[in-house]
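Subject: Handing over a model, with notes on its helix packing

Dear colleague,

I am passing on the structure we spoke about, and I would be grateful if you could look through it alongside the notes below.

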Amino acid sequence: MLDDLHIHDFYRDAGRILLALFQQFPAPATLYVEDIAGPDTPDEFGLHSPRHLACLGAMTWLKECGYIRFSQLVRQEAVEEAALSHHSFLLMVTRGEDGVSNAEKLDRIVREGSSPQLEELMVALMKRLEH
């Protein structure tokens with residue numbers, strides 16, 4: 001059986017990243033990995049945990065795929081001048097038939113929802129944003 005816990009972590013990280021940048025929009029912001037993934041415990045050599053690096057990877061992937069933009073990495077700690085892309089902003093403010101914006105749905109599910117609910121919403125949002 002395939003262990004896809006890392007994919008569930010990715011959906012949660014990606015959701016938190018989008019929400020954090022939505023709450024700062026349109027001002028660019030410094031986004032710290034620990035604010036998204038939680039405290040890190042580097043090893044005796046100062047290397048970050050796999051969880052920390054996975055969150056950093058999510059930030060980079062979101063940029064490469066056009067969901068967010070940022071000017072640069074700050075070591076492996078943060079991204080500077082981060083903001084939602086035009087398409088991500090429009091996606092976040094879009095309201096469904098229920099009158100609830102995607103940002104509101106994402107916020108509720110990230111805080112209170114289950115992993116399957118988060119996966120369903122994130123996949124739906126990403127499908128809508130395909131270029």
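Helices, meaning H or I runs of at least four residues, and strands, meaning E runs of at least two, are taken from DSSP and numbered from the N terminus. Please bear in mind throughout that this is a predicted model.

In those terms, Asn102 has its place in helix H5, and with a relative accessibility of 3% it counts as buried, since the cut-off for buried is under 20%. Leaving aside residues up to four places away in sequence, Asn102 touches Leu91, Met92, Thr94, Leu125 and Arg128.

Helix H5 covers residues 102–112 and helix H6 residues 115–128, and the two pack at an angle of about 150° with their axes 9 Å apart. Because angles over 145 degrees count as roughly antiparallel, H5 is roughly antiparallel to H6. The crossing in which H5 passes H6 is left-handed.

H1 and H6 pack at an angle of about 60°, and their axes are 9 Å apart. That angle makes H1 oblique to H6, and H1 passes H6 in a left-handed crossing. On the H1 side, the contact is made by His8, Phe10, Tyr11, Arg12, Ala14, Gly15 and Leu18, which meet Ser115, Leu118, Glu119, Met122, Val123 and Met126 in H6. The residues here divide into 8 nonpolar, 3 polar and 2 charged.

For H1 and H5, the packing angle is about 130° and the axes are 10 Å apart, which makes H1 oblique to H5. This crossing, too, is left-handed. The contributors are Arg12, Gly15, Arg16, Leu18, Leu19 and Phe22 from H1, together with Ala103, Leu106, Asp107, Ile109 and Val110 from H5. These residues comprise 7 nonpolar, 1 polar and 3 charged.

Met122 lies in helix H6, and at 1% relative accessibility it counts as buried. Which residues does Met122 touch, not counting those up to four places away in sequence? They are Tyr11, Ala14, Gly15, Leu18 and Leu106. Met122 and Gly15 are 107 residues apart in sequence, yet their C-alpha atoms are 7.2 Å apart in space.

The peptide bond from Phe25 to Pro26 is cis, with omega near 5°, and Pro26 is found in the loop between H1 and strand S1, residues 29–32. Arg75 has a positive phi, near 45°, although it is a residue other than glycine; Arg75 is found in the loop between strand S3 (72–74) and strand S4 (78–84), and at 66% relative accessibility it counts as exposed. Glu81, likewise not a glycine, has a positive phi of about 50°. Glu81 is found in strand S4, and its relative accessibility of 48% makes it partly exposed, as the cut-off for exposed is over 50%.

How values were computed
Residues numbered from 1 in each chain as written. Predicted model: local features only at pLDDT ≥ 70, side-chain atom pairs only at ≥ 80, totals over all residues. Heavy atoms only, no water. Axes fitted to C-alpha atoms, helices over the stretch in contact; angles between N-to-C directions. Parallel < 35°, antiparallel > 145°, perpendicular 65-115°, else oblique. Left-handed = near helix turned anticlockwise from the far one by under 90°. Contact = heavy atoms within 4.5 Å. Nonpolar A, V, L, I, M, F, W, Y, C, P; charged D, E, K, R; others polar. Buried < 20%, exposed > 50% of the residue type's maximum accessible area, 1.4 Å probe, protein only.
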